[in-house]
Amino acid sequence: MNATELQAVLAAHARWLTNEPGGERANLAGANLRGANLADANLAGADLRRANLRGADLCWADLRGANLAGADLADADLRRANLAGANLADANLADANLAGADLRRANLRGADLCWADLRGANLAGADLADADLRRANLAGANLA
């Protein structure tokens, strides 16, 4: 997917979020977004299942309720991203930077979080069953 196509999807999604004419929920399932700059993007409720987001910049992105099941987010920058209620089941988050991210009630079942930076992340109510947290930095993370 090229930058122009991605911008069109984001614009239609923004209209969908505000119930404007021409709006359409972003369907980026299986999309190759490796290294994409999605900082500050509003992808709340978007379908990103199995998307390749390896090394993508998602700082401050709004991914509330997004479906990222099976997505490859290895080495992605998710600092301060809002992932509350997102489905990250079986996602690859190895070496991802999730410092300060909001992961409240997120489904992280079976996710690979090896070496992930979760400093100060809010994981309250998150499902971490079978998640791999080896070598993850959980300093200051809220696990309640």
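The mean positions of the 15 positive and 18 negative charges of the chain lie 3 Å apart. The model is a predicted one. Its secondary structure amounts to 1 helix and 0 strands.

The dimensions of the chain were examined next. Along the principal axes, the C-alpha atoms occupy a box of roughly 45 × 25 × 20 Å. The radius of gyration is 14 Å. A compact globule of 144 residues would have a value near 15 Å, so the chain agrees with that expectation.

Burial and surface were also computed. Of the 144 residues, 46% count as buried. The chain has an accessible surface of about 6800 Å². Carbon and sulfur atoms account for 44% of that surface. Contacts were then sorted by separation in sequence. Among those between residues at least 6 apart, 6% join residues at least 24 apart.

Alanine 126 is placed in the segment after helix H1, which spans 3–17. Its relative accessibility is 18%. Buried means under 20%, and alanine 126 therefore counts as buried. With neighbours within four places in sequence left aside, alanine 126 is in contact with Leu103, Arg105, Ala106 and Leu108. A further pair gives a distance across the chain. Alanine 91 and alanine 126 are separated by 35 residues in sequence. In space, their C-alpha atoms are 14 Å apart.

Terms used. Residues are numbered from 1 along each chain as its sequence is written. This is a predicted model: local features need pLDDT of at least 70, side-chain atom pairs count only at pLDDT 80 or more; totals for chains, interfaces and linings use all residues. Side-chain values use heavy atoms; hydrogens and water are left out. Helices (H or I, at least four residues) and strands (E, at least two) are DSSP runs, numbered from the N terminus. The radius of gyration is taken over C-alpha atoms; the globule rule is 2.2 Å times the number of residues to the power 0.38. Buried means under 20% relative accessible area, exposed over 50%, partly exposed in between (1.4 Å probe, protein chains only). Contact means heavy atoms within 4.5 Å. Accessible areas come from the Shrake-Rupley method with a 1.4 Å probe; for residues, only the protein chains shown count as cover. Lys and Arg count as positive and Asp and Glu as negative; His and the chain ends are not counted. The place of a charge is taken as NZ of Lys, CZ of Arg, CG of Asp or CD of Glu.
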